[in-house]
4 protein chains.
Amino acid sequence: MTYAAGRHFLQIPGPTNVPDSVLRAMSAATIDHRGPDFQALGTELLRDVRPVFGTTGPVVMYPATGTGAWEAALVNTLNPGETVLCFETGHFATLWQEMAGRLGLRVDLVPGDWRHGADPAVVAERLAADTGRRIAAVCVVHNETSTGVTSRVAEIRAAMDAADHPALLLVDTISSLGSMDYRHDEWGVDVTVAGSQKGLMLPPGMSFNAISAKALERSRTATMPRTFWDWGPMLAANERGFFPYTPNTNLMYGLKEALRLLHDEGLENVFARHTRHAEATRAAVRAWGLEVLALDEREFSSALTAVLVPDDVDADKVRAVILDRFDMSLGAGLGRLAGRIFRIGHLGAFNDLTLAGTLAGVQMGLGLAGVPVAGSGLDAALERLQTD
Amino acid sequence: MTYAAGRHFLQIPGPTNVPDSVLRAMSAATIDHRGPDFQALGTELLRDVRPVFGTTGPVVMYPATGTGAWEAALVNTLNPGETVLCFETGHFATLWQEMAGRLGLRVDLVPGDWRHGADPAVVAERLAADTGRRIAAVCVVHNETSTGVTSRVAEIRAAMDAADHPALLLVDTISSLGSMDYRHDEWGVDVTVAGSQKGLMLPPGMSFNAISAKALERSRTATMPRTFWDWGPMLAANERGFFPYTPNTNLMYGLKEALRLLHDEGLENVFARHTRHAEATRAAVRAWGLEVLALDEREFSSALTAVLVPDDVDADKVRAVILDRFDMSLGAGLGRLAGRIFRIGHLGAFNDLTLAGTLAGVQMGLGLAGVPVAGSGLDAALERLQTD
Amino acid sequence: MTYAAGRHFLQIPGPTNVPDSVLRAMSAATIDHRGPDFQALGTELLRDVRPVFGTTGPVVMYPATGTGAWEAALVNTLNPGETVLCFETGHFATLWQEMAGRLGLRVDLVPGDWRHGADPAVVAERLAADTGRRIAAVCVVHNETSTGVTSRVAEIRAAMDAADHPALLLVDTISSLGSMDYRHDEWGVDVTVAGSQKGLMLPPGMSFNAISAKALERSRTATMPRTFWDWGPMLAANERGFFPYTPNTNLMYGLKEALRLLHDEGLENVFARHTRHAEATRAAVRAWGLEVLALDEREFSSALTAVLVPDDVDADKVRAVILDRFDMSLGAGLGRLAGRIFRIGHLGAFNDLTLAGTLAGVQMGLGLAGVPVAGSGLDAALERLQTD
Amino acid sequence: MTYAAGRHFLQIPGPTNVPDSVLRAMSAATIDHRGPDFQALGTELLRDVRPVFGTTGPVVMYPATGTGAWEAALVNTLNPGETVLCFETGHFATLWQEMAGRLGLRVDLVPGDWRHGADPAVVAERLAADTGRRIAAVCVVHNETSTGVTSRVAEIRAAMDAADHPALLLVDTISSLGSMDYRHDEWGVDVTVAGSQKGLMLPPGMSFNAISAKALERSRTATMPRTFWDWGPMLAANERGFFPYTPNTNLMYGLKEALRLLHDEGLENVFARHTRHAEATRAAVRAWGLEVLALDEREFSSALTAVLVPDDVDADKVRAVILDRFDMSLGAGLGRLAGRIFRIGHLGAFNDLTLAGTLAGVQMGLGLAGVPVAGSGLDAALERLQTD
């Protein structure tokens with residue numbers, strides 16, 4: 001029997017479950033985006049969003065979803081024909097470098113097995129080999145939403161510094177920001193790309209670029225054509241809390257409330273909560289006798305866990321059973337991982353009992369789909385949750 | 001560590017988790033309660049609420065919480081000094097008979113152990129003994145919210161019929177209506193008392209009397225003073241979809257949506273879902289090695305389960321741990337059961353994974369509170385849920 | 001042509017237009033009414049609602065609409081067969097004294113023309129004549145919602161004091177509280193009756209009794225039967241922020257927000273705003289050459305204005321035209337005033353431009369209904385609004 | 001005195017007042033944008049939005065505000081270095097051609113006085129002179145939000161056809177769509193640019209391109225770099241109701257409700273309502289003795305009215321008085337019109353009484369700001385509104 005009563009479990013790795021108070025905040029009446037009330041709101045948000053990125057510098061907020069912020073990072077800092085160093089860490093890293101190519105950039109793509117992050121050693125090697133300084137930027141996805149594998153951004157930065165290479169470091173944090181520790185300034189990132197619909201606990205529709213002084217400097221002479229994504233007019237208008245074109249006011253109401261929630265809980269606590277839930281989830285996967293996609297424990301994601309199914313199982317069938325029987329959405333395998341994995345999102349507005357419900361749904365779904373499991377993953381997870 | 005992120009688990013046996021769509025419906029602008037739009041709404045609700053009671057007769061809707069509907073049932077049908085036959089099945093049954101006493105009625109109270117429902121055999125016996133026909137009404141609580149024990153209303157009716165006694169049958173369904181099978185007409189109930197905040201999935205604030213022809217007839221001559229609760233002006237105004245005084249318009253918007261949800265799922269399916277969740281919960285309790293308060297399986301509630309804790313355990317401490325660590329509210333033991341039980345509400349807008357989360361919270365809370373358990377109740381529950 | 005686009009103008013004298021922020025507050029998830037979060041809310045509201053009544057004493061909050069608070073005022077303070085002195089100041093005063101009669105009280109009703117308030121001189125006279133001290137209470141409606149006529153409560157109190165009569169003073173402020181200056185303590189009122197859906201800017205569903213020490217004392221021995229309305233258990237539970245039975249939690253969320261709005265604006269400013277809108281409305285009525293129902297300027301209501309139509313006009317037809325063409329609800333003439341007046345509500349969450357829109361609708365409606373008017377009432381109103 | 005009570009009057013020409021039901025729809029829980037429920041929603045919207053554009057062809061929906069849809073229209077259809085024919089009809093037309101220049105297009109700009117639309121005769125003349133067929137597109141703003149002046153799109157199309165010129169016709173309908181009659185197919189428009197926050201009655205955050213077969217054909221070979229705005233992947237994903245990157249789900253919920261409202265009222269009625277309100281507004285302006293900015297009555301906007309103030313008056317001071325005293329936002333003069341005009345938005349979810357309130361605020365504000373007026377504009381407006 002299918003039961004549609006109660007609340008849907010949205011356990012894809014984003015969009016995440018939006019807190020009720022954020023949805024309510026978003027339903028306030030739209031106001032004049034050129035008036036004083038808006039100005040106060042804009043000023044507040046442009047300031048208060050910075051700590052989430054770990055920066056004291058400017059953060060641009062686009063009234064557009066995250067893919068746009070990828071484009072913005074590239075077109076504001078690069079010149080046509082320049083080279084970007086990219087890493088095939090998963091589906092979204094692949095899409096981002098494809099975008100770079102379509103925008104007229106050359107892409108130096110390091111192949112990958114989708115089970116590891118960008119390798120700092122390879123960064124070092126490639127930059128060392130780049131004696132002509134062709135590489136204008138290194139593009140890294142902090143947390144690959146398609147695989148649950150992270151890249152070690154601080155180590156990559158160290159490799160760049162060691163190579164004394166002038167390339168910019170562009171980092172996609174779409175599915176890590178607000179869920180995992182991230183330090184734009186400390187790690188020396190030049191452009192951080194983020195979106196509203198994951199750790200920031202908002203519906204999709206807003207995206208971000210945090211910008212280093214170096215990136216800003218580069219943008220002043222960069223020649224790729226840009227208008228909507230142009231930092232220049234945006235930063236100029238932001239000075240006074242305004243925007244050069246119509247912002248998405250109601251999502252900004254939501255952002256105000258979401259930042260309040262993050263601040264009230266404390267970012268440290270937010271990160272610890274995600275770490276703990278990820279550990280409990282991996283404990284469950286191990287107890288089921290299944291395999292976590294990420295192979296290097298230094299690269300485990302705290303935001304989602306991708307689970308490999310046995311070769312003779314279609315992961316999409318498992319997901320379909322779970323959606324049908326237990327009203328829970330899980331993430332599909334994307335690109336080359338289609339059918340091979342399912343992804344459990346455990347990020348955003350989330351807690352122990354919802355995680356328990358989520359893992360219960362996976363465990364029952366595996367059973368109903370005929371996937372043999374070694375033991376109760378749920379009990380293993382509870383053991384972890386009960387500990388501290 | 002305490003985590004307040006994510007959604008609170010409100011697993012008391014009412015108020016229940018109100019569906020988002022009901023909350024949204026309630027937030028529509030208040031309208032003129034004497035205008036045509038209201039009239040259409042009133043007419044629709046007064047008609048569509050009847051099937052939930054299993055009646056084709058009138059259902060009065062009060063803009064007041066459930067305790068008021070208890071009073072209404074008494075003052076509309078009885079005369080000062082008349083006798084009501086009551087059963088001490090739990091805390092709320094006790095309160096209802098106290099109310100009767102305070103209203104100037106005589107109460108014939110059958111003592112009970114709070115682990116059984118009203119006994120049809122005792123009804124038969126008492127009515128047979130009442131040769132003077134002093135007993136004007138039999139008052140029964142269909143589902144004792146304080147104990148998770150039901151009374152077998154159909155059998156009580158049969159006992160009354162067998163005794164050929166003219167007493168009215170008044171039944172409190174506050175925590176069963178909309179969750180458990182209930183048949184006002186078929187079971188020959190004279191007044192059914194209900195509230196908004198349980199199976200009807202609304203916030204508290206509205207209550208109901210379903211009224212048989214016999215009760216209506218009795219009300220025409222009943223002499224207890226009444227104004228707010230008086231059926232007469234209410235039924236007269238209801239004829240045209242209106243109310244004799246200001247109704248609570250916005251809760252009525254919510255009721256419209258809640259009835260739509262119940263109708264879409266189908267009442268049969270709603271009842272089956274509650275039965276299934278109750279079975280899974282009892283399976284968990286047994287696996288933990290704890291005791292369900294209800295002793296007679298014919299009287300198990302589908303809406304909540306009261307769990308006895310070992311003698312040396314304070315159930316309120318278990319609840320406190322669970323609230324603090326897992327952000328879940330459970331029901332306390334009331335009256336003579338204070339500290340001896342906790343109550344798990346599994347009614348209203350609820351589904352398998354939320355139940356799993358709920359039972360996970362109880363299981364971890366028992367562990368943290370140092371209550372020894374025999375095994376994984378959660379696994380036992382999942383086994384039940386996975387079956388069909 | 002009829003246009004249903006845009007926002008309905010709900011200009012009946014209550015329920016009033018509920019602010020969006022109050023509706024949003026009400027749509028938060030229902031919580032455990034026996035838990036710590038609820039306790040904090042209850043404690044806060046029971047304290048913060050007092051200044052609106054002008055009292056430092058207890059205010060009981062019922063999860064029921066205003067008619068119930070009328071009943072509560074009577075049954076908590078009086079004994080069966082006692083006499084109440086009532087004034088036929090309008091439809092609701094008439095209903096209240098009928099209620100008293102139905103509850104078994106004797107009613108000494110002073111007839112009225114529905115165009116004046118309760119006359120302090122008559123109060124003095126009746127009490128002086130009551131040498132046997134039969135009169136247990138004087139019941140006055142502060143602001144007659146059916147007529148837009150107020151009674152001078154302070155002067156009535158003075159008359160009672162002058163007569164040195166022990167009767168209680170019970171005052172209905174359902175359509176004045178939160179809109180007009182009112183002083184429970186200073187004016188020596190014993191029970192103030194109020195509701196949520198007018199000046200408090202909430203949907204209907206909650207009502208109030210503010211209680212003097214004398215009334216409280218009287219309640220301890222009063223013998224009218226009461227349970228739901230009984231102050232005793234209510235005040236006892238309120239001590240800790242709780243309620244003796246299920247409160248209507250979500251309306252309480254709304255009350256919290258409404259009190260915040262009233263506080264932010266400042267009660268003095270709220271009252272001044274209502275006075276100003278009432279003056280502007282009467283200026284419009286005079287400019288149209290129509291008559292305000294209230295005859296004594298000391299008794300003009302700031303919450304609503306009742307407008308007499310010429311003898312050959314059916315006021316309900318004017319209202320129907322306005323509803324049909326301009327999507328605005330006005331109040332009908334009630335009881336003996338049916339068809340003779342329409343009532344313009346200008347209370348609650350209301351401002352100058354909404355008043356202008358309201359009066360524009362009335363002016364156009366009069367024109368369309370063929371009621372000859374002397375001049376532009378709207379211009380007269382704007383002149384008043386523009387002044388200060 | 002300032003009164004912040006009641007509802008703000010948002011009478012800028014967009015964002016417009018969002019209906020409550022749209023805001024409520026937007027506050028539903030975010031769903032999986034790759035799941036079946038989303039697919040049904042996407043399919044429905046992509047179909048139902050077409051009639052509002054007057055097209056049976058594809059309409060692309062961007063999760064970004066309107067400025068992005070301008071860029072999309074250009075980058076999908078043109079090649080670097082191609083020429084666009086633009087008309088300086090106001091502030092937004094000026095911004096659009098600036099954008100074209102920044103994107104690497106050549107702009108042939110016809111100067112204007114900001115009081116007339118694009119002149120079809122000039123279109124004819126320029127195209128006739130373009131024997132080399134350098135002009136790749138004619139860009140026209142249907143309704144200049146900064147001036148309240150429309151351009152006659154059908155006549156411009158006729159001029160293009162008469163010249164037998166292959167240029168595309170790109171039209172900005174950001175502030176006319178859903179408020180004024182518009183016919184993408186019938187008028188032979190190639191790309192129609194629109195946004196969510198005006199006649200579609202949504203918050204800002206979504207924008208649109210309606211696309212002709214000819215524009216689609218052109219896009220297949222157009223070489224301007226594009227990724228986020230690229231029609232290709234968008235139209236491919238739209239085939240199945242999906243999007244190539246994360247859509248803004250919650251605004252789509254709002255769009256569904258907004259389309260329902262437009263459909264329920266009927267587009268013909270919606271347009272007639274706007275026409276009527278614009279006529280009433282102009283009647284008010286004339287009665288005040290002020291001047292409507294638009295000089296050609298064939299080019300009057302139905303969505304907004306720009307009002308010229310006397311030379312010695314600062315229009316922004318008038319607006320400030322109105323905002324301060326009457327809590328109403330009006331549009332400022334932009335660019336070369338700064339301080340010379342204020343703009344009254346009368347579009348979107350709007351009705352007669354709200355218009356009356358709006359005009360009352362303007363009339364009182366003029367008075368308070370010391371602007372001499374000839375007579376009661378409000379009375380003139382009511383006369384128009386009362387007529388039919």
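In strand β10 of chain C, C:F208 is the bridge partner of C:A194. Strand β10 (residues 207–211) runs antiparallel to β9 (residues 191–195) of chain C, and 5 bridges join the two; strands count as paired if DSSP finds at least two bridges between them. Helices (H or I, at least four residues) and strands (E, at least two) are DSSP runs numbered from the N terminus. The model is a predicted one, in which local features need pLDDT of at least 70 and side-chain atom pairs count only at pLDDT 80 or more, while totals for chains, interfaces and linings use all residues. Residues are numbered from 1 along each chain as its sequence is written, with chains lettered from A and ligands numbered from 1 in the order in which they are written.

Both strands belong to an open sheet of 7 strands in chain C, with mixed pairing and the order β2-β10-β9-β8-β5-β3-β4. Because β2 (59–62) and β4 (106–110) stand at the edges with a single partner strand each, one side of each is left without a neighbour in the sheet. From one strand to the next, the twist averages 20°.

Helix α5 (residues 91–102) of chain C lies across β3, β4, β5 and β8, at about 165° to β3(C); angles run from 0 to 180 degrees between N-to-C directions, with axes fitted to C-alpha atoms, for helices over the stretch in contact.

Turning to another pair of chains, 43 residues of chain A are in contact with 43 residues of chain D, contact meaning C-beta atoms, placed from the backbone, within 7 Å. Helix α4(A) gives the most to the side of chain A that touches chain D, with 4 residues.

Methods. Two residues are in contact if their C-beta atoms, placed from the backbone, lie within 7 Å.
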